[in-house]
Amino acid sequence: MKPFCARFLPLIASALFLATLLQADVASASSLVPKGWAQEGLIKFKVYREGDPLGVAMLRFDINNGNYRVDMQTLLDFNVGPFTLYYYALRAQDEWNGSELLSARGVVNDNGDVFIVDGRAGPDGFRFAGREGEHVAPPGESVPSTYWNYALTDATKLIDLQYGRLRNITVTEAGSETILAEGKEVEAVHYEMRGDLDLDIWYGRNGEWVKMTFVHDGARFEYVRVAPRPGDRDRFLELDAVKSAGSETVRVVLEELE
């Protein structure tokens, strides 16, 4: 009879070899996660206009057939008492394989005016179309206007998922700051986007989007990161449902989220 070590050494060696392969696969998979991906699966912002509450923006993170998919929803309700003067609903979705953008879609209801943008990766770049025609975004330097992906900080093109425009942008780092996010002080890096679209955006040290500000029609808008509540993940409108969403739909969902 063979000694114990001689009998089991080949099995131990095989197990170690398989473990090494599994570790390599895990390391490879983790390296494909886009920077900015929220490990908790949900990011939520309260949106303010000139310091007054206006609405809510959320992003939901899922893995779909090995790809990284993010759903975004922004709902705004500008009202005086019970009367809505203006409403806005956006539902967008982008899907990634590591740093490669595979697809992106946006459906917007801007106070009754509906916009639809749809795009997919192709051999010549990311091809997308909207109301204003078709465009091809160069790979490696273009990101969609869902803002969560830290690759935005190196982008020169922004794929506008509302109007279907390919916007020229320049993003520069403005320095580190301490900001409030989810009710806590966090260290974040401030970036300034200028060009066809002007805004300021902050990412945490882990690459997650934590704040955004911009000026539109003379009013200052601010996205403030807040802690999600139980059930928020299920309060996303279907993309196509946005087409027929009215002010009442927007107000009802906002009441559930706020």
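Is phenylalanine 214 buried, partly exposed or exposed? Phenylalanine 214 is partly exposed, with a relative accessible area of 23%. Buried means under 20% relative accessible area, exposed over 50%, and partly exposed in between (1.4 Å probe, protein chains only).

This is a predicted model: local features need pLDDT of at least 70, side-chain atom pairs count only at pLDDT 80 or more, and totals for chains, interfaces and linings use all residues. Residues are numbered from 1 along each chain as its sequence is written, and side-chain values use heavy atoms, with hydrogens and water left out.

**View 1. The whole chain.** The protein chain has two helices and 15 strands. Helices (H or I, at least four residues) and strands (E, at least two) are DSSP runs, numbered from the N terminus. Of the 258 residues, 44% are buried. The accessible surface comes to about 13,500 Å², and carbon and sulfur atoms hold 53% of that surface. Areas come from the Shrake-Rupley method with a 1.4 Å probe; for residues, only the protein chains shown count as cover.

**View 2. A stacked ring pair.** The structure holds 16 aromatic pairs. Rings of Phe, Tyr and Trp (its six-membered ring) pair if their centres lie within 6.5 Å; planes under 30 degrees apart count as stacked, over 60 as edge-to-face and the rest as tilted. The rings of phenylalanine 214 and phenylalanine 221 have centres 5.2 Å apart and planes at 5°, so they are stacked. Phenylalanine 221 is buried at 9% relative accessible area.

View 3. Among the 16 aromatic pairs is that of phenylalanine 115 and tyrosine 163: the centres are 5.0 Å apart and the planes at 75°, so the pair is edge-to-face. Phenylalanine 115 lies in strand 6 (residues 113-122) and tyrosine 163 in the loop between strand 10 and strand 11, so the pair ties together parts 48 residues apart in sequence. Phenylalanine 115 is buried at 6%; tyrosine 163 is partly exposed at 26%. Glutamine 162 is buried at 10%. Its side chain makes a polar contact with the side chain of tyrosine 163 (3.0 Å). A polar contact is a pair of N or O atoms within 3.5 Å; within protein, one must be able to donate a hydrogen and the other to accept it, and residues adjacent in sequence count only if both atoms are side-chain atoms.

View 4. Arginine 60 forms a salt bridge with aspartate 71, with the closest N and O atoms 3.7 Å apart. The pair links arginine 60 in strand 2 to aspartate 71 in strand 3, eleven residues apart. A salt bridge is a side-chain nitrogen of Lys or Arg within 4 Å of a carboxyl oxygen of Asp or Glu. Arginine 60 is buried at 17%, as is aspartate 71 at 2%.

**View 5. A salt bridge from a loop.** Arginine 131 forms a salt bridge with aspartate 113; the closest N and O atoms are 3.0 Å apart. Arginine 131 sits in the loop between strand 7 (125-130) and strand 8 (133-137), and aspartate 113 in strand 6. Arginine 131 is exposed at 52% relative accessibility. Aspartate 113 is partly exposed at 36%.
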